[in-house]
Amino acid sequence: MSDPLTTQRDFLPAPPKANPIRTSLTARLLAVAAGFVILTEAIVFLPTIATYRQEWLTERFDTGELAALAARAPVADGFLRGDAQELIRAADIQAVSVITNGQRQGLIGVVPMTPTRFIDLERQTFGGAIFDVIATLVAPNDRYLAITARPRSNAAIKLEVIVAEQTLRASLLRETRRVLIYSLMLALMIGVLIYAALADSFVRPMRRLTSAITRFRDAPEDASRNLVPS
């Protein structure tokens, strides 16, 4: 007659095999290191893109100021005025206007009649710039940005430079891809360094201790198998 306990044990399902990736101390340390690096990059990402956006707007405004100076220069043959048109065309600027006493005076280009979002560079905050990055990425294709500030050449007036927001979005997307590629490369290098440091400080001694315990279990009476402290 068969043993009921033996029969019941034979029908019990085999215990699930442990996943070596999840149980390995090395894999866990690598996952923790990679997680911290990715978190750091995520925190730095938006401020980096916001800084790039601010520089892009400032460059367009400076180009618009140069074009305004060229357009207002009293040259009879119109040579400088032609240069002003080339300047705004090369910088993807739609129009440049002078604002005096709240009145806009068209100077170069054609002011678009589509929806426009106004950005005052003198009142731009860093937190607002981060929010504006997200707003630009989801903006409609027909929206324009009116960049206003006081030019360095004449603080008594305000200059308005109008650019298509779609151009800014395309530039932000290119910069985003560049930052992500460099960030992933940096994260990989930092992750490898952290992993190597943790492996040398924790994993290798733990493996040495585990091996010593196994040798002691196999032959407790063998003094040559004792762990020699480092």
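Tutor: Helix α6 (residues 165-218) lies across β4 (144-149) and β5 (158-164), and runs at about 70° to β5. Helices (H or I, at least four residues) and strands (E, at least two) are DSSP runs, numbered from the N terminus. An axis is a line fitted to C-alpha atoms, for helices over the stretch in contact, and angles run from 0 to 180 degrees between N-to-C directions. Contact means heavy atoms within 4.5 Å. This is a predicted model, in which local features need pLDDT of at least 70 and side-chain atom pairs count only at pLDDT 80 or more, while totals for chains, interfaces and linings use all residues. Residues are numbered from 1 along each chain as its sequence is written, and side-chain values use heavy atoms, with hydrogens and water left out.

Student: How many helices and strands does the protein chain have, and in what order do the elements run?

Tutor: The protein chain has six helices and five strands. From the N terminus on, the order is α-α-α-α-β-β-β-α-β-β-α.

Student: How do the strands form a sheet, and which are the edge strands?

Tutor: Two strands pair if DSSP finds at least two bridges between them. Here five strands form an open sheet with mixed pairing, in the order β2-β1-β5-β4-β3. The edge strands, β2 (103-109) and β3 (116-120), each pair on one side only. Neighbouring strands of the sheet are turned by 25° against each other on average, direction ignored.

Student: In what sense do β1 and β2 pair, and over how many bridges?

Tutor: Strand β1 (residues 93-100) pairs with β2 in the antiparallel sense over six bridges. V98 has Q105 of β2 as its bridge partner, and T100 has Q103 of β2. The two strands form a hairpin with two residues between them. By contrast, β3 and β4 pair in the parallel sense, over five bridges; there D120 has T148 of β4 as its bridge partner.

Student: How is burial judged, and how much of the protein chain counts as buried?

Tutor: Buried means under 20% relative accessible area, exposed means over 50%, and partly exposed lies in between (1.4 Å probe, protein chains only). Of the 230 residues of the protein chain, 31% count as buried. D92 is partly exposed, with a relative accessible area of 40%. V138, in the loop between α5 (126-137) and β4, counts as exposed because its relative accessibility is 64%.

Student: Why is β4 described as largely enclosed by the rest of the structure?

Tutor: Six of the six residues of β4 are buried, so the strand is largely enclosed by the rest of the structure. In a regular strand the side chains alternate between the two faces of the sheet. In β4, Y144, A146 and T148 point one way, and L145, I147 and A149 point the other way.

Student: Which residues are in contact with T148?

Tutor: T148 is buried at 10% relative accessible area. Leaving aside neighbours within four places in sequence, T148 is in contact with F61, I99, I119, D120, L121, L159 and E160. E160, in strand β5, counts as buried at 1% relative accessibility. The residues that E160 touches, not counting those up to four places away in sequence, include A95, R104, F118 and T148.

Student: Which residues of α5 are buried?

Tutor: They are A129, D132, V133, A135 and T136. An α-helix has 3.6 residues a turn, so residues three or four places apart point the same way.
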